[in-house]
Amino acid sequence: MDICPLLLQVPPTVYYIPDFITEAEESYLLHRIESSPKPKWTQLSNRRLQNWGGLPHPKGMLSEKLPPWLDQICARVSDLGAFGDKRANHVLVNEYQPGQGIMPHEDGPLYYPTVSNLTVGSHSVLKFYHPVSEKTSPSTTETMGDHAEPTQPVGAESSFDSRHFASMLLERRSLFLMRDEMYTKYLHGIDELRSDTLDKNIVNIDRCRSNIGNTLERGVRVSLTIRHVPNVLKTKIFVGLRR
Ligand SMILES: O=C(O)CCC(=O)C(=O)O
């Protein structure tokens, strides 16, 4: 497995693994995601998502068993040592139409401080930002799982450009991992664009099929954000009829 930290322009630590899954595995995952029951989808203003494994909560997550098709991919990522000796137990599936993205945000304290992200269907460009001031940062942090849509602090947008310091091209079938300060301190987000012109901020370009200056049209991209939620409630829910 080729897993190489990109340490040149990005603070510790990010990893980019091209072709982490095969084309057949990508098609299978897309099929499983698309054929999930309709109520599994939550429509947000700029994307739709599926939450698997339970809803992370400061008081603990009431965990739900992952379906085998997600459990397998979680095992593969966990086997890289992404979560120490722990196993991924939570997957957030985000689907972006061309022109959709996600506001810069931090992932918050509910997860083991490594996040892994598998891209299927189409590419995207993930951008990294220096943190906003303490006054504005709480509104861009996920504090109640991932159903909380990151909101934009008033007056913050104009300063995003000045806080942007690196970008990563996430090609389809690639796995991306970030940990340490890239997880705990910096923000990440995806611009709402229909195409991406690759510029010199793309720190992983040497490991991609494209080159600086290329313009890539976005298709429908689905990402699987695979994480470990440490705080899981021991309570079990029994559903059944009392006699
Ligand atoms: O879709 C992506 O690549 C990013 C998703 C993300 O940032 C998140 O789920 O918190």
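The lining of the second largest cavity has two nonpolar, six polar and two charged residues. Here Ala, Val, Leu, Ile, Met, Phe, Trp, Tyr, Cys and Pro count as nonpolar, Asp, Glu, Lys and Arg as charged, and the others, Gly among them, as polar.

The model is predicted: local features need pLDDT of at least 70, side-chain atom pairs count only at pLDDT 80 or more, and totals for chains, interfaces and linings use all residues. Residues are numbered from 1 along each chain as its sequence is written, and side-chain values use heavy atoms, with hydrogens and water left out.

**Two cavities**

The structure holds two cavities of 30 Å³ or more. A cavity is a set of points, on a 1 Å grid over the protein atoms alone, where a 1.4 Å probe fits but cannot get out; lining residues have an atom within 4 Å of a point. Grid points are joined across faces, edges and corners, and a volume is the space filled by probe spheres set on the points.

The largest cavity has a volume of about 200 Å³. Its lining counts 21 residues, with Y96, H105, N117, H188 and T225 nearest the centre. Two or more lining residues come from each of β5, β6, β7 (114-120), β10 (175-179), β11 and β14. Strands are DSSP runs (E, at least two residues), numbered from the N terminus. β14 gives the most, four residues. By class, this lining has nine nonpolar, six polar and six charged residues.

The second largest cavity has a volume of about 40 Å³. Among its lining residues are Y96, Q97, H123, I190 and R221.

In total, 13 residues surround the ligand (a heavy atom within 4 Å). The closest are Y96, H105, H188, R221 and S223. The shell divides into four nonpolar, six polar and three charged residues.

The protein covers 98% of the 290 Å² of accessible area that the ligand has on its own. Such areas come from the Shrake-Rupley method with a 1.4 Å probe.

Methods
1 Å grid on protein atoms, 1.4 Å probe; cavity = no way out; pocket = protein on both sides within 12 Å on 5 of 7 lines; lining within 4 Å.
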